[in-house]
Amino acid sequence: MPRFKLRVEYAGTRYSGWQIQKNARTVQGTLGEAVVAATGERTFELYGAGRTDAGVHALNQIAHLDVRTGLPPEGLRRRINEALPADVNVLAVDKAPHKFHARHHAISRAYVYQIAQRRTAFAKPFVWWVKEPLDVAAMESAARLFVGRQDFQGFTDDDPEDKSTVVEVSLVTVAVHGDALHVIVEGSHFLWKMVRRMVGVLVAVGRHDLAASAVPALLESPNGIPATLTAPASGLFLARVVYPGDRPGPVPLPPMTL
């Protein structure tokens with residue numbers, strides 16, 4: 001059975017996340033239905049690199065697909081897209097080695113969070129509109145404190161007894177593009193709600209509700225504050241997944257800027 005590597009973009013607004021669930025519309029489930037329509041096969045494996053949460057989008061989700069088909073990769077891509085709704089799109093399909101695993105072989109993932117600094121008629125499903133002025137320099141100072149190998153137990157609902165909450169974060173930046181503010185976070189992997197809580201803390205710093213110097217204490221002594229500051233899912237995008245041998249350039253940004 002051949003293995004394919006899929007690169008997928010989607011608007012997550014209508015979906016209960018990537019991972020298939022009973023009685024819920026998910027991206028994985030929708031993509032799986034399109035695979036059946038494209039190939040006629042009901043026995044296949046479809047595995048994503050990241051389990052994006054409900055309402056979270058993807059610019060470059062990576063998945064591997066094992067399915068019996070005589071279609072070439074480009075033909076398979078076209079046939080799958082013909083069966084998909086408009087808010088999910090397969091950007092590329094390539095043959096992959098049988099040992100390739102979309103999740104386990106990824107060495108880093110990058111997310112972009114998009115904040116609107118003005119009211120918008122068009123971008124509401126893809127931003128968090130923060131009405132107050134934000135001190136970007138203070139946010140940049142706080143962002144640097146997240147970098148490194150640290151325990152993010154206070155930034156997730158994952159149970160530390162079930163899985164490690166230690167994450168290697170390699171990059172956190174804050175950049176202004178017009179009326180949009182982009183927070184870029186890259187690391188080895190991410191925990192449930194971790195990026196949204198990091199962004200919520202950065203926005204609190206930008207509003208001067210928290211000092212940038214508070215970040216180390218939030219990491220060292222979990223106290224529930226990050227949970228109360230969780231940013232909405234609407235502004236979060238899985239931007240890229242990196243594998244051994246890749247030569248990644250700049251982290252891509254959402255196409256709609258303000």
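Biologist: By class, how many residues in the lining of the largest pocket are nonpolar, polar and charged?

Modeller: Keep in mind that this is a predicted model. The largest pocket has 28 lining residues. Split by class, that lining comes out as 11 nonpolar, 9 polar and 8 charged.

Biologist: And which residues are the closest to the centre of the largest pocket?

Modeller: That pocket holds about 620 Å³ of space. Of the 28 residues lining the largest pocket, the closest to its centre are R51, K163, F190, L191 and W192.

Biologist: Which element gives the most to the lining of the largest pocket?

Modeller: Let's look at the elements that give two or more residues: they are strand 5 (108-116) and helix 4 (194-206). The one that gives the most, with 3 residues, is helix 4.

Biologist: Now for the next one. How much space lies in the second largest pocket, and which residues are the closest to its centre?

Modeller: The second largest pocket has about 260 Å³ of space. It is lined by 17 residues, and the closest to its centre are Y10, L59, F126, F237 and P255.

Biologist: Which strand gives the most to that lining?

Modeller: Strand 1 (3-10), strand 3 (57-66) and strand 4 (88-96) each supply at least two residues of the lining of the second largest pocket. With 3 residues, the one that gives the most is strand 3.

Key. Residues numbered from 1 in each chain as written. Predicted model: local features only at pLDDT ≥ 70, side-chain atom pairs only at ≥ 80, totals over all residues. Heavy atoms only, no water. 1 Å grid on protein atoms, 1.4 Å probe; cavity = no way out; pocket = protein on both sides within 12 Å on 5 of 7 lines; lining within 4 Å. Points joined across faces, edges and corners; volume = space filled by probe spheres on them. Helix = DSSP H or I, 4+ residues; strand = E, 2+ residues; numbered from the N terminus. Nonpolar A, V, L, I, M, F, W, Y, C, P; charged D, E, K, R; others polar.
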